[in-house]
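I opened this entry to look up a few points of backbone geometry, helix packing and chain contact, and to write each one down with its criterion.

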Amino acid sequence: MTFSSLEWIAFHAALVLGAFSTMGYLSSLLVKRVKLAKISTWILAAAFVFLTVKFLFVFIRSSWFFNLDSQDFLAFCAWAGCAVYLSLQFKTKTRVLGAFISPLILLFLIAAAGEEAGKSLWPQNLQSSLTAVHLFLTIFGEVLFVMASLAGLMFVMQNRLLKSRKFSGTSRLLPSLNDLDRINHMGLLWGFPIVSAGIIAGVIFAELSWKTGWMTDPKIVWTFAAWITYGFLLHQRLAIGWKGYRMAVMSGVALILLALSYCGVKLCFSTLHNFI
Amino acid sequence: MKMIVLVGVNHKTAPVAVREKIFSGCGQKSDLLSALKAIEGVEEVLYLSTCNRVEIVASVSDDVRALRALKAFLAQSGDLTATEAQSCLYEYRGGEAVRHLFRVAASLDSMVMGEAQILGQVKDAYREALEKYATGVVLNRLMHCSFRAAKRVRSETGIATNPVSVSHAAVELAKKIFGSLDGKKILLIGAGEMAELTGMQLIEKGAQSMIIVNRSLAQAELLAEKFHGEAAALDALEKKLIEADIVISSTGAPDFIVTADMLKKIHHQRKNRLLFLIDIAVPRDIAPAASELENVYLYNIDNLQDIVDENINARRREAVKAEKIVDEEVEKFIGWQKELDSVPTIVSLRNKAGDIVREELEKASGWMRNLKKEDQERIEGLIHAIVNKVLHAPVTVLKEESSDISSRDIVAAVRRLFRLD
C-alpha cells in the first residue's frame, strides 16, 4: 500500500468520525444528555488521531517539509481546531462548546474532501521553510483566537440570560461564565504569541524575497488590524484587569476583523495570499 | 397464590400528629418485623418509615385477612381511633401495591417530587428486613425491581435535575456564574435563617470561607464561630464587599444597604471579578440598579422563587415520563410473579419425568449390565434427551402463558393430564 493511499484512508476515516462526532454533539444538545457529548469528544479525539496520521504521511511524502496541497491546508485548519478544542477539554469541562466547534471542523473536512489533492498550495516562488512556519503558526494561533471569541460570544449569551433572570434550558446548557471567561483568557494568552511568531516568520520571508510593497497588501493590513486588536485585548486583560462581559464583547469585535481579513479581503481584493 | 399488599399513612392522608403517633408506636416495638411476620397469612414483610410516611409491604397468602390484620396493627401501634384509622390509613393490593411502592421509591409520591433521599430510605428498610430474614423470593424481587424503576426514573427523566428550594436554586445559579465554587468567598449580610442555610449549602459545595457582617457584632461573631468564618460590623461592609464573590443579604433594614454607587466605587479594587448578589430580604437590601453594573448578577427572593416555580412545573412535566417507566416496570414484575405461579407445576412435571426415567432404568438394569459402560451411558443420555424434548413444549407454554389470564386453566390442565396432584 502506498503512502498516498494510506493518507487517503486516514483522511476519510477522520471525515467519517468528524461527521459522527458532530451528529453526537448536536444530538446531545437536543436530548440534553452529557454522556452523548462525552462519547462525541472521544470520537473527535479519534478523528484528530487520524488527521495527525495523515499529516505524518504528508511530511514523509514531502521529505519532512511542510509542503501542503489545498486539501491539506483545509484539513490542517480542521486539525488545529481539533487540537485546540481537545486541549481545552482538559482544562475546562465545557463540552457544549463542541456543539459549536465540531460543525466548523466538519465543514473544513468536507471542503478539504472536495479539493483537488496533489497540487501544491504555494506557488513555486513562495515555497520555503519560513512560509511553512508562517502558515503553521498563524493558522494555529488564529484558531485559538476564534476559540477565544466563540467563548466570548457564548459569555454574552449566558450573561444576557442571567441578567434577565431567564434561567431556562439554554442557560443550563451553556457553560458557566467563569469557564467561558477562562477559555477566552487561554485563547488570547496562547494565541497571541503564536500568531506573533507566525507573523515574524512571514515578515522575514517578505523582507528577504520582496523587499518592498508587501506592507500595503490588503490581506496583511487587515490581519495586522485583527492581530493588534487581539493584542490590545490581551494587554487590557493582563495589565488593566479587564474581565467578563467587556472582554467577551470586544472578542466578538476582534472576530469580525479576523473574519474580514479572510473572507472580505478574498472577495474584494487581489492579494499576495490569493492561494489561501 | 401469593399476593403483595401494602398498608400505610403518608403526608397526603394523615396530619403530622397522626404520623408521629404511628411512627413512635411502631418504633417502640422491640422486634417489629417478627411481630408483623407473626400475623396470620403474612409470609414476607418489610417496614418503611420516613418523616412523611409509615408503610408496611407484605407478601400474603390471604389478602383480605392479612390487610385487615395489618391495618389493625398500625392503628393499634399509633393508638388511633376507628375514625382516624378509617380516614388516614390506605391499602393497596396486587398490581396497585407494586405500583405504589415503585412510585414511592422513584420519589413520585414524595412531598418534594424528585427528592433523592427516599430511595436511600427504601434501601435501608430493605436492608433491615433482609438482616431479620423477613423477606423472601417475592419481596426480594419486588424491592430490586423498585430500585431499578427508581434508577431508570432518575437517569431517563429530568425529574431530579432542577432544584426546587430557594437555597438550592441560589447554589445552582452560583455554579452557573462561577463554575466551580472552590475558593469563593461568601459575604453574609444579616443573620437570617434562610441566608444561613444558603451560605451553608454554598460552603458544602466548595466555597472557601464566610464573612458575616451584622448590625450586632456579637451575633455576627456567634455565627462566624459556627461557620469558622470572620465577623465584622456593618461599618466595614464596603471593605468586605471588595473581598466577596457571593453576597447573601437578609437584614431587616428599611432602606438599601448595598447601593449601585457603592459597588461602582469598589469596581476597580475588585479587579472586575464576577459578583453574585442574593437579596432575600423584604424590604430589599440591595438596590435594583446594581444589576445594571457589568459583571454583577443580582437576584432577589421573587426571582429565586420564580426559578423554583418553573422547576416545579418542569418536574411535573417530567413526572408524566416517569409514570410510564413505572408502568413498564410494574408490568415486568407482574409478569414475573405470574410466571412464579407456574413454577411449582413445572417443577412437579420435571420431577415426575425424572422419577419415571429412574424407575425404568432400574427395571432395565438387568439386561443393561451386559452392555459396555459407554453404551449404558449413551442409552441413558438418549432417554434424558427424549424426555427433555417431550417436556420442552408444555414447559414453554406454561412459562409463556403464565402472564395470560387463562394461565390457571392451562396449569390445571397440565396437572390433570400428567396426574401431578
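**Notebook: chain B**

I began with B:Asn272, which I found in the loop between α12 (260-265) and β9 of chain B, where helices (H or I, at least four residues) and strands (E, at least two) are DSSP runs numbered from the N terminus. I note that this is a predicted model, in which local features need pLDDT of at least 70 and side-chain atom pairs count only at pLDDT 80 or more, while totals for chains, interfaces and linings use all residues. Residues are numbered from 1 along each chain as its sequence is written, and chains are lettered from A and ligands numbered from 1 in the order in which they are written.

**Backbone checks**

Phi of B:Asn272 is near 60 degrees, a positive value in a residue other than glycine.

B:Ser107 counts as buried because it has 25 C-beta neighbours inside 10 Å.

In the loop between β9 (275-279) and β10 of chain B I looked up B:Pro283, and the peptide bond that joins B:Val282 to B:Pro283 is cis, with omega near -5 degrees.

**Helix packing**

I next took α8(B) with helix α9 (residues 193-204) of chain B, which pack at an angle of about 45 degrees with their axes 9 Å apart; the axes are lines fitted to C-alpha atoms over the stretch in contact, and angles run from 0 to 180 degrees between N-to-C directions. That angle makes α8(B) oblique to α9(B), since under 35 degrees counts as roughly parallel, over 145 as roughly antiparallel, 65 to 115 as roughly perpendicular and the rest as oblique.

**Contact with chain A**

I asked how many residues of chain B are in contact with chain A. The count is 17 residues of chain B against 15 residues of chain A. Two or more residues on the side of chain B that touches chain A come from each of α8 (166-178), β10 (296-300) and α13 (301-363), and the largest share, 5 residues, comes from α8(B).

Notes:
Contact = placed C-beta atoms within 7 Å. Buried ≥ 20, exposed ≤ 12 C-beta atoms within 10 Å, placed from the backbone.
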